[in-house]
Amino acid sequence: MTLDPHEQLPDHDHPPDAPPMPRVRRARTSPPWWFALPAMLLFAFVVLVPSARGVYYAFTDWDGLDPHFSFIGLDNFSEMFRDADATQAIWHTLLIAVSITVVQNAVGLLLALGVNTAIKSRNLLRVFLFAPAVITPIVTAYLWRNLLGPDGAVNSLLGAVGLDGWEQDWLGSPDLALWAVVGVIVWQFAGYSMVIFLAGLQSVPREVHEAAAIDGAGAVRRFWSVTRPLLAPAFTINLMLSIIGGIKLFDQVYALTGGGPGHATDTLSTLIYKDAFTLGEFGYSIALAVVLTIVVAVVSTGQYAALSRSERAAS
């Protein structure tokens, strides 16, 4: 057989390259952004636009009814710092928020440690301690308003055990009313903090505690060196919820004392309500609401940054 000079024998050791595969178009792994457009438009219509309009009213003298009002600039905000009731309400708001945060989380942690043991009634105790958290706050407030009244069950109980000198007008005394409000809120939500701490405690490996015990660490040392760092996420959640809830507090304060006696328990939220719906100063009340929003945003952001930093350091 004669081969053409330019013809080559097939190379059996190196077969010809396979034909290139057709390019397959990569499927989309995420839905288009416009799927979220209806929800974004609804959120803007319901939340963003009214909020922006409300911020505008904070710079006016609007009374809530008259369609004619004037733009007064920063007068409402400057008046706020000259108003003794407003500065007192800001102080009460911060005092209540800090007190609730400290006491509620301390009590919740102790309760969580108590029901995280092997006692037989632990499940019943968990339900019993968490039950107040599911009651409507306004119902709880009216319940304690009757219990703490001059002729309420608390004073009756103190008199029955011979502690007549301890009987007080708990909600009518300017010196006690604020702390009575704090006590009611801690009573209701300590169980809520307990559940979050309990979830964190149950996620701690038992082997870690056993190893620490073998090394000779006592109960307090094991909690501080082993359990506490692993509870950092639970601390972050609880502290965030309690501080923000304390700053925005309204229902319980208004139902228990109405901000009284006098202005002894007024917070920013109760003062906003009174200025808007009792005095008709909507522009001024919205300015107070703007300040409250800024306080919540600054405190929550700073707290989250600090707690996240400590949580990363603990892990």
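Mentor: A polar contact is a pair of N or O atoms within 3.5 Å; within protein, one must be able to donate a hydrogen and the other to accept it, and residues adjacent in sequence count only if both atoms are side-chain atoms. The model is predicted, so local features need pLDDT of at least 70 and side-chain atom pairs pLDDT 80 or more, whereas totals for chains, interfaces and linings use all residues. Residues are numbered from 1 along each chain as its sequence is written, and side-chain values use heavy atoms, leaving out hydrogens and water.

Trainee: What does a side-chain oxygen of Asp83 reach at the start of H3?

Mentor: That oxygen comes to within 3.0 Å of the backbone nitrogen of Asp85. Helices here are DSSP runs of H or I with at least four residues, numbered from the N terminus.

Trainee: And how many residues has helix H3?

Mentor: Helix H3 (residues 84–115) has 32 residues and spans 46 Å from its first C-alpha to its last, close to the 46 Å expected. The expected span is 1.5 Å times one less than the number of residues.

Trainee: Changing topic, how many salt bridges are there?

Mentor: There are 2 salt bridges, each being a side-chain nitrogen of Lys or Arg within 4 Å of a carboxyl oxygen of Asp or Glu. Glu79 meets Arg82 at 3.0 Å, N to O, and both lie in helix H2 (residues 75–82), 3 residues apart. Asp266 meets Lys274 at 3.1 Å, N to O.

Trainee: Are Asp266 and Lys274 buried or exposed?

Mentor: Both Asp266 and Lys274 are buried. Buried means under 20% relative accessible area, exposed over 50% and partly exposed in between, with a 1.4 Å probe and protein chains only. By contrast, Arg82 is exposed at 58%, and Glu79 is partly exposed at 34%.

Trainee: Now the aromatic residues: how many pairs does the count come to?

Mentor: The count comes to 18 aromatic pairs. Rings of Phe, Tyr and Trp (its six-membered ring) pair if their centres lie within 6.5 Å; planes under 30 degrees apart count as stacked, over 60 as edge-to-face and the rest as tilted. Tyr56 and Phe69 have ring centres 6.5 Å apart and planes at 65°, so this pair is edge-to-face. Tyr56 lies in helix H1 (residues 37–57) and Phe69 in the loop between H1 and H2, so the pair ties together parts 13 residues apart in sequence.

Trainee: What about Trp144 and Trp187?

Mentor: Trp144 and Trp187 are also an edge-to-face pair, with 5.4 Å between centres and 70° between planes. Trp144 is in helix H5 and Trp187 in helix H7 (residues 177–202), 43 residues apart.

Technical notes. Helix = DSSP H or I, 4+ residues; strand = E, 2+ residues; numbered from the N terminus.
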